[in-house]
Each structure stands twice: as C-alpha cells, then as structure tokens.
Amino acid sequence: MRRHRTRLNDIRVFPHYRDVPIEVEPVAKNGTGQYVSGQFLNQTYHSLALDNAVLVGELHIGATYNCVAVDEDGISLKTHWLYCTSLDPFPSFGIVQDWTQTGGFAPLLSKIDTPFVKLEELADIVTIFPSLPPVERHTQAQVGHRGWLVMTRMASPYAMGILVDDPSLPPSLSVGSQDITMTASCVRTHQSIGFDALTCVSAGGEALFLQRQSL
C-alpha cells in the first residue's frame, strides 16, 4: 500500500468531457483542500476533498471533473480526472482504476481514511506458509498477538483478510507472498477464524493479508 497526501490551494474545478473537444469554464474556484493518491492491490486511487470553494456553476454527483491547483510549494498541478462523490458540506471527488480491467474506472467513496474496514479484533494470529525453495514444505509461525478481521472498501470484487498489528514475520513472508493460511481467535466471541490462499499485501508496521472474494 502506498499513499501520498498533498495540500492544495487555488483549486479550480472544470467539467471533464472525455473525448469531446469542447471549451469548458470552471464550476468552482478559489478552493482549498487535500489531494490523496495511492495504490492498493491492483488499483490506483485518487481523491480530492475541498474544505472551501466558491461555486460558480453546477456540480453533479457522479459527473466527472478535472481540477487544477497550486501545492504548498507554489507548484501548479493537475489532478487525475475524478468523479464528484459528495456535495455536502463541501464538494469531494474520487476515482479508482483497476489495472487488471480495460477501462476499469469507478467512483471512490468520499471520506475514506483507509482502504479497508476493521470488522473484528483478533488475537493469537498464526500462519502456515510455503517455505522458500528448494525446500518444499510448509512452516507454521505465530506472527502477531493482536490484529483485525478486515474488508476492503474499494477492491472489486471485495477482499477480506487479516491485519496484524506489530507483526513478527519470518523472512520468507514478504510482500507478494501467496498461498498463505492464517488462523486467529476473535476477541469478542472467542471463536477461531481462518483463511487460506491469502496474499501478503503489506509487511511494514502493520502486515496485511488479503483473499479475493467472488461476488
């Protein structure tokens, strides 16, 4: 997972008419806000949340827009084209692109702080994973004492898995590792849960393991 935040000033919002060569006027100007871009699984996402703007035209939820602005260093920039996702109290915009699908664009829900939802607190997280070649066997290890059952907000189809707080991962368990089996205990119910065919998405301060789901 990668994410970059940029504070923007002098934001101007223009209608985006794809493949239609027509001159457009701004529908909002003199705006300030925060632009976020990142990558999650096979998807790239961009969002712009305004905290101030002067509306000089109509904005429509679901319509597409281009935004130009100035960053905190005074450098002019242009955002990716974005869907309008909210108008209240100030306009917000967002888009997700799935690189595995041709034309795989979709609106990004507004007011998303993280790309996943924490559903249940977990404890005693144990994993079974393939050993590195040339050894062909599986290894079991406790990788964390606390974590969460999570579900993605933006992947399509959605994915579920386990987020491990303060992980202790063996060297062979790195970003991109696949076919991982993981079990844990639900703190609320004391039930055991398990996943197989997990992929390691992140292995930093928090380790994230996800399994794609069928719709």
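## Salt bridges and aromatic pairs in a predicted model

At 32% relative accessibility, Arg7 counts as partly exposed, where buried means under 20% relative accessible area, exposed over 50% and partly exposed in between (1.4 Å probe, protein chains only). This is a predicted model, in which local features need pLDDT of at least 70 and side-chain atom pairs count only at pLDDT 80 or more, whereas totals for chains, interfaces and linings use all residues. Residues are numbered from 1 along each chain as its sequence is written, and side-chain values use heavy atoms, with hydrogens and water left out.

There are four salt bridges, each defined as a side-chain nitrogen of Lys or Arg within 4 Å of a carboxyl oxygen of Asp or Glu. The table lists some of them.

| Salt bridge | N to O distance |
|---|---|
| Arg7 and Asp51 | 2.7 Å |
| Glu120 and Arg188 | 2.8 Å |
| Asp165 and Arg146 | 2.6 Å |

Asp165 is buried, at 15% relative accessible area, while Arg146 is partly exposed at 37%. Salt bridges with shared partners join these two residues and Glu121 into one network. Arg188, at 60%, is exposed.

The aromatic pairs number three; rings of Phe, Tyr and Trp (its six-membered ring) pair if their centres lie within 6.5 Å, and planes under 30 degrees apart count as stacked, over 60 as edge-to-face and the rest as tilted. The ring centres of Trp81 and Phe105 are 5.1 Å apart and their planes stand at 55°, so this pair is tilted. Trp81 is buried at 15% relative accessibility, and Phe105 is partly exposed at 23%. Ring pairs link Trp81, Tyr83 and Phe105 into a cluster.
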